[in-house]
Amino acid sequence: MKKKYNQTGAKVGIYLIYILTSLFFLYPVVWVLSLSLKTVPELFMVPPKIFPKSFNIENYIFVINNTQILRNLWNSLYIVICTVAGTLLITLPAGYAFSRLKFKFKRSMMFGVLIFQMISPLVIVIPLYRYFSQINMTNSQVALILVYIAISVPFATWYIKGYLDTIPVQLDEAALIDGCGRLKALRKILIPVTIPGIISVSLLIAVNSWSQFVVPFILLDDGRKFPISVGLVNLQSTTEAVTTHYLAAACVIGILPTMVLFIILQRFIVSALTEGAVKG
Amino acid sequence: MKRGLALLLAVVMAAGIFLAGCGNKNENQSVQSTAAQSNAAQSEQSSKTDNSNANVTVTPQLIGDKNAKTEITWQPVPAHSMMDSNQAKVEYLTKKAKEWAEKHPDVKIVPIQTTIAISDSMAKILVQAASGQAPDIAAIDSYIFPNFTKYAQPIDDIVQEKNLDINDWFPFAQNVMKPEDKILGLWYTTDVRALFYRKDIVKNPPKTWQELLDLGKQLKGQGYDAFLYSAGRDENVTMNTLPYFFGQGGKLVDDNGTPVFGEGENRAAMINYINFLKSTVDTGVTPTRVLNFKSDPNMNADLAAGKVAMFVGVSNMAAQLRSVIADKFDELWDVAPIPMAEADQRASTAGGWVSTVFTEDDQKRKLAADFIIDMYVNDQGMEGWCSAGGYLPPRKSVFEKAEFLKSDPFAQKFKEELQFAYVRPAANIYPTISQEIQIAINNVLAGQTTPEKAVDNAWKIVTSKK
Amino acid sequence: MSRETIGKSNRLSGRKGLGETPIPWLAPLVIILLTLFIYPMFDILRLSFTNARIGETEYNYTFNSFLNLFQDSGFYAMLKVTAFFVFFSVVFQMVLGFIIALSVDKGESMNLRGTVFVRTVALISMVIPGVIIGIIWRMMYDESPTGILNYFLTLIGVGHVRFLTDPFIAVVSATVANVWRGTAQSMILLYSGLKTVPGETLEAARVDGASAAGRLFKIIIPSVMPVMLINLILNTIYTFNTFDMVMTLTGGGPGRSTEVLALSAYTQIFQLLDLGRGSSVAVLLLLINSIMAAVYFYIMKKSEV
């Protein structure tokens, strides 16, 4: 009897927390969505209406036709895909070496790599702007992607090393004995069984790169190359008549792709995150 | 299970790429559509008569034939480019650019779109110029132009060839364009600040600070936001409030460019000026949310809501507001001189943009200057451009002759204000002074410090820099 | 492992070849870190001891940028703001993250409806770029009559709040927005930490009659302690490095009241053109990053042994 009472008490408590959590985290997003659907008179209505009356999609049409937002999204997607690919290309061999090879200073080197995870991109991007401008590489997406890769590499190396550690050594050693080179063993044997880990780490790199702001903000001057984050800052500071409803619509367009992806894949991402968290 | 998820992920990503790809394509079309529309009528005619120029394209990304031998990179301000949202400007620039490109079939101009955060993008051009990688021609905000003079190429020969006379520019522009013995830039638009007021609410616009405060308190009692201005952290804020300082005879720097604003009479004028801003907020005549306004269009929401009686803003707010509230603007609003400390004072500030050539290649230098002169500077260019964008021409003769200015009562008043306009000093230290003034204003209006302390602190920081 | 495989693996480790040395495997990693991290770090250190300005090609070596920095009263105010922002952000991110993680974990074990929904909602801010979070909260904090938060606050009798124009409240507002942003990170770390709490121990404690609070403080918190410490350090580093959200939320204003360290370095360089001084602020950030990294390694090492 007492236990039952406790259960109900716990339930009420938990639901209270659920409601407060949902309100706190969801409300700002709902409000932006609501602003993005309002007409100008509704926008200036006092007191403010929580839900728009008209569901005015024209704001979205305006933003899509009159700003670079779709191009920004495309740029972000392009940058993120290249970053993920490039990061994997560098960190798969590195993760393999840290997991399978024996060499001096291995531990110190691994910690050395992790230090870079903690350094603010702002610190490196200031000198980088100067030397990219000397070799005429500002506004270059290649340069930008290289920097993104450099920023993703420390975390990804650790994650992949950790994942490879969970795979029994016998699996690839058998292949080595059969005369495969190490590179072939990595490619043919290890990578296939590491796919879930690779996808997890790719997702995490993608989420981080999607949000990246300081790097493109400083390295790029050319509006056609901006990713979504810089594009939105530009839109916010525009001196022409972009008002709140357009900016809100642009924000919704900007967060929609990752949010939808996140909601669809949320179980998978949560498990990727928790695995990464325990290891990292 | 995991494999299934991986498959799902791959499908979703592929779908994402596909969708984004489609979207991008549409977007390209829409970007070009504005140019295409305005060209439609023209090209219909020209394509029949003239097939040799079939390769000339004018889009926000390229002007001219994409296979042309000579390439000139051009970095305009976004608001002065074909990327702007104002149709009139885009149509004008597209038409002009097409004409120029047809006359110069061997040349293509590649516009660079840049950020709208002006001081940041100016700093970046400066880094590029210092490492010899600046665009061939770029628009530079007049206040920071002195920092660029050592990289700017002289263009006296082309100015002369085009029958332009530097003495035709307003004196403030001449000093910046020709700092020593060579013409280094072309000042192509200007603007001026004034008091905008609602005719139906304010019968006699206030001439002094006291009148403004008295009237403001009365209007506030009637439920109006009596007086707005931008007071956030932005160059625009310094620009819009400095008339109060210049009107008292205050000087920011001396003739050598050394700061003097924190000493003697200048200090007193500076304190008075910030104290006046403080009293507008303290009396409630001005709401504290002006601290959030960086650029004048930040006031648009309030202005559109119809509860604002007066504001100080830049001249092109007239064109802005016409696009926001249409005919009501001319019906309701008028402009007057900015209220001053004393009735016999009068001051405003003028800003604007200077185009300057960075390329050292002689052929490109000439072509680039020729292009800018055609688009924005010669008689038709300046009149067409300023009329399209609602800007004021910095050349006196254009001001006299231009038709659109004659018919616009606002333009006439702005022209008068230009006679009393000060420009920001052509000193390298100016950006620092401006930043400190913004911070002083912010801190005082937020009630963190007194005007005296704020001015002395600004002075201390500025003098420690050099 | 059978005897045979041990023998084979011994033979293997004796094998020599290109694939056996770590150099080719690590070369790309090392090259990219050297050129894009280590070189710029030394460069910014060097610049911090100069009087370099943006747009000037010549400069001299000097200590003045640091000296001026330490003599500027605004600098100490900036440090104070940064400290406030970081401290309260991290504390509330941890506390909220822990509460949410605990209730989601409990909800899962009780098979409560809506648990997955709440878990997803709490994590959404992770996939929203910081600049957009800044813009969204700026809209929430609108101080004109159409502002939503002010409307609610007036409705419940608190009255109109100057969210972004009062110097102190602006820092609090920025901190709240940052808590919104960073709680997800804490929540997921602590949530995974809770998964490692041994169920049998908890059950045993319950049978022994330990109260809920007793179980929380005697079993749960001690066993997630290492994760909490790691979380504490990581969030501290990320918050120190925050730049994007504050930039769109307040731009550092009013005055300098929300100009945190990273933003200050940026402003010095890209608005005041003072490369030397901006670099010295960035070096300070680098120093803080390094100290936090050292603490992190120390804790990692301790928890491993």
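**Close-up views of a predicted three-chain model**

**View 1. Contact between chain C and chain B.** In this predicted model, 23 residues of chain C are in contact with 26 residues of chain B; two residues are in contact if their C-beta atoms, placed from the backbone, lie within 7 Å. The side of chain C that touches chain B is made up of seven nonpolar, ten polar and six charged residues. Here Ala, Val, Leu, Ile, Met, Phe, Trp, Tyr, Cys and Pro count as nonpolar, Asp, Glu, Lys and Arg as charged, and the others, Gly among them, as polar. Residues are numbered from 1 along each chain as its sequence is written, and chains are lettered from A in the order in which they are written. Local features need pLDDT of at least 70 and side-chain atom pairs count only at pLDDT 80 or more, whereas totals for chains, interfaces and linings use all residues.

**View 2. Contact between chain C and chain A.** This contact draws 74 residues from chain C and 79 residues from chain A. Helix α2 (residues 23-48) of chain C supplies the largest share of the side of chain C that touches chain A, with 13 residues; helices are DSSP runs (H or I, at least four residues) and strands likewise (E, at least two), numbered from the N terminus. That side of chain C comprises 51 nonpolar, 16 polar and seven charged residues.

**View 3. The two domains of chain A.** Chain A consists of domain 1 (2-56) and domain 2 (65-279), with bounds from an automatic or database domain assignment. Their centres, taken over C-alpha atoms, are separated by 33 Å. Six residues of domain 1 of chain A are in contact with six residues of domain 2 of chain A. On the domain 1 side, the largest share, four residues, belongs to helix α1 (residues 2-36) of chain A.

**View 4. The largest nonpolar core.** This core has 325 residues, and V125(A), V147(A), L219(A) and C251(A) have the most contacts inside it. A nonpolar core is a set of buried Ala, Val, Leu, Ile, Met, Phe, Trp, Tyr and Cys residues joined through C-beta atoms within 7 Å; a residue is buried if 20 or more other C-beta atoms, placed from the backbone, lie within 10 Å of its own, exposed if 12 or fewer, and partly exposed in between. Helix α7 (residues 141-165) of chain A gives the most to the core, 17 residues. Beyond its neighbours within four places in sequence, C251(A) is in contact with V32(A), L232(A), I132(C), I135(C) and I136(C).
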